[in-house]
Amino acid sequence: MAKERRTWEKRLSGKPDKLTLGFVESLSYDKRLYKYDIVGSIAHAQMLAEQKLITKDEFKKIKNGLIEISEQIAAGRFKFDEQNEDIHMAIEAALIAKIGQAGEKLHTGRSRNDQVATDIRLWMRDEIEILRAKITLLQKAFVKLAGKYTDDIMPGYTHLQRAQPIVIAVYLLSFVEQFERDCIRLKNCNDLLNVSPLGSGAIAGSTLPIDRKSTAKQLGFHDISYNTIDAVGDRDFCAEFIFDCALISAHLSCLAEDWIIFCSNEFEFVRLDDSFCTSSSLMPQKRNPDILELIRAKTGSVYGALIAMLTILKGQPSGYNRDLQEDKVHVFTAADTVEACLDVAEAIVSTANFNIEKISSSLDEGFLDATALAEYLVTKGVAFRQAHGIVGKMVADCEKQNKKLHDLNLEELKKHSAYIEKDVYEHLGCEKVIAKYVTDSAAGSRQAKRQIAYWNDKLAKR
Ligand code: ARG
């Protein structure tokens with residue numbers, strides 16, 4: 001049992017139960033908001049001084065005290081007292097202990113409700129920058145790897161079945177596109193969340209002349225929120241942020257899945273660096289892609305965080321409810337998990353190699369040139385549906401005879417369609433097909449090189 005009630009709980013009788021203290025505290029995990037809490041408090045105090053609600057001298061004391069506390073926390077010298085249930089109370093109590101009376105004025109016209117809503121937005125703005133930087137590093141690793149393979153062909157898969165030939169570079173650049181959307185989504189999230197709830201108080205603002213625009217400006221918010229009830233209860237941005245993290249995880253999990261398959265003995269398309277593989281405690285020959293498997297699995301935690309956050313928001317009464325304290329658990333989980341996954345993904349991509357010999361040795365399998373042959377017939381005047389049928393039949397015949405399309409001589413080919421001429425051989429085989437791709441952003445070498453130039457230019461500016 002705690003010795004006595006805390007200063008902000010004078011209206012309660014008896015002592016707080018130990019179980020209560022342990023259950024309601026968030027200090028153990030919202031400690032990490034300390035810098036944002038302090039920055040927010042300094043802005044608030046400066047505004048109080050501007051509004052003559054405290055003196056300049058009191059502001060100076062508050063500011064210096066808060067900076068000292070910040071330094072103590074950063075250096076690990078701050079003693080967190082579990083009596084203070086969250087970072088806001090811990091810092092305020094420390095300030096009062098340090099500077100006395102002036103410290104008691106800091107919370108004027110402010111509630112923890114608008115304070116925490118401000119802190120989490122400030123934290124998220126920085127976190128979004130960190131995530132965007134990490135995504136950019138991963139994109140750069142992909143672009144660099146793609147640069148090595150602009151002329152090397154691999155099978156493109158649909159339904160995990162061989163479909164059409166592509167250059168490896170274009171396959172790698174497909175991830176750059178996905179992560180680019182993630183980057184944009186995070187920026188959009190930032191644009192939406194970047195309004196200041198500070199000064200909304202507990203729910204209704206204040207009878208004191210609190211200047212919300214001043215604190216918003218000091219803290220770099222582009223505007224203030226325009227409804228105090230909504231401002232203290234709004235955690236839409238938390239759900240949105242976690243959703244953005246969830247899609248990043250989904251994209252990483254697809255990369256992981258591809259490469260787990262690609263580095264199996266059955267494929268041997270990709271070779272991961274030894275430093276990113278693990279072995280088996282029993283089977284001495286094993287070289288396992290555990291990191292990729294864990295990236296794939298961690299998607300579960302991020303999706304879990306999203307569902308948890310959405311569930312917290314469902315059916316909440318208007319204004320602030322303590323439920324909202326749990327937002328941080330899930331927002332931090334999502335951010336930490338995605339940060340870690342982006343770091344290892346970047347390391348893996350930077351050190352990976354494609355096994356060109358192995359990939360090219362089987363390019364003749366799977367009739368990757370069949371679609372191009374049908375399109376060849378189209379150029380000769382055959383309707384596409386007809387051409388599709390003709391080539392389908394040719395493939396079936398080839399399969400029976402264990403032949404490839406380009407193994408058929410002109411006479412055999414002509415049996416399937418009189419439109420086929422000698423120039424058909426310019427359209428058969430993966431290399432020929434790749435050279436024939438003409439659509440914008442198709443999977444050929446020319447297009448890949450253009451895209452690489454585009455990304456190098458764009459990513460260098462970030
Ligand atoms: N620790 C709380 C949170 O994270 C701070 C706000 C508490 N407000 C209150 N009225 N109890 O949401």
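Student: By class, how many charged residues does the lining of the largest cavity have?

Tutor: Bear in mind throughout that this is a predicted model. The lining of this cavity includes Asp364, Glu365, Asp369 and Lys404, and Asp, Glu, Lys and Arg are the residue types that count as charged. Alongside five nonpolar and two polar residues, the number of charged residues in the lining is four.

Student: What volume does the largest cavity have?

Tutor: The structure holds one cavity of 30 Å³ or more. Its lining includes Leu363, Phe367, Leu368, His406, Gly429 and Cys430. The volume of this largest cavity is about 60 Å³.

Student: Turning to open sites, which residues that line the second largest pocket are the closest to its centre?

Tutor: The second largest pocket has a volume of about 390 Å³. Of the 15 residues that line this pocket, the closest to its centre are Cys263, Ser264, Asn265, Arg271 and Arg287.

Student: And by class, how many nonpolar residues does the lining of that second largest pocket have?

Tutor: Cys263, among the residues closest to the centre of the pocket, belongs to a type that counts as nonpolar. The lining as a whole has five polar and four charged residues, and its number of nonpolar residues is six.

Student: What radius of gyration does the chain have?

Tutor: A compact globule of 462 residues would have a value near 23 Å. Along its principal axes, the C-alpha trace of the chain spans about 100 × 55 × 40 Å. Against the value for the compact globule, the radius of gyration of the chain is 31 Å.

Student: What share of the contacts in the chain with a separation of 6 or more comes from residues 24 or more positions apart?

Tutor: The chain has 18 helices and six strands, and buried residues make up 49% of its 462 residues. Among contacts with a separation of 6 or more, residues 24 or more positions apart account for 74%.

Student: Is asparagine 402 buried or exposed?

Tutor: Asparagine 402 is found in the loop between helix H15 (384-401) and helix H16 (410-416), and its phi is near 55°, a positive value in a residue other than glycine. Most residues other than glycine have a negative phi. Because its relative accessibility is 67%, asparagine 402 counts as exposed.

Student: Where does serine 441 lie?

Tutor: The phi of serine 441 is near 60°, again a positive value in a residue other than glycine. At 57% relative accessibility, serine 441 counts as exposed. Serine 441 lies in the loop between helix H17 (430-436) and helix H18 (445-460).

Note on methods
Residues are numbered from 1 along each chain as its sequence is written. This is a predicted model: local features need pLDDT of at least 70, side-chain atom pairs count only at pLDDT 80 or more; totals for chains, interfaces and linings use all residues. Side-chain values use heavy atoms; hydrogens and water are left out. On a 1 Å grid over the protein atoms alone, a cavity is a set of points where a 1.4 Å probe fits but cannot get out, and a pocket is an open set with protein on both sides within 12 Å along at least five of seven lines; lining residues have an atom within 4 Å of a point. Grid points are joined across faces, edges and corners, and a volume is the space filled by probe spheres set on the points. Helices (H or I, at least four residues) and strands (E, at least two) are DSSP runs, numbered from the N terminus. The radius of gyration is taken over C-alpha atoms; the globule rule is 2.2 Å times the number of residues to the power 0.38. Buried means under 20% relative accessible area, exposed over 50%, partly exposed in between (1.4 Å probe, protein chains only). Contact means heavy atoms within 4.5 Å.
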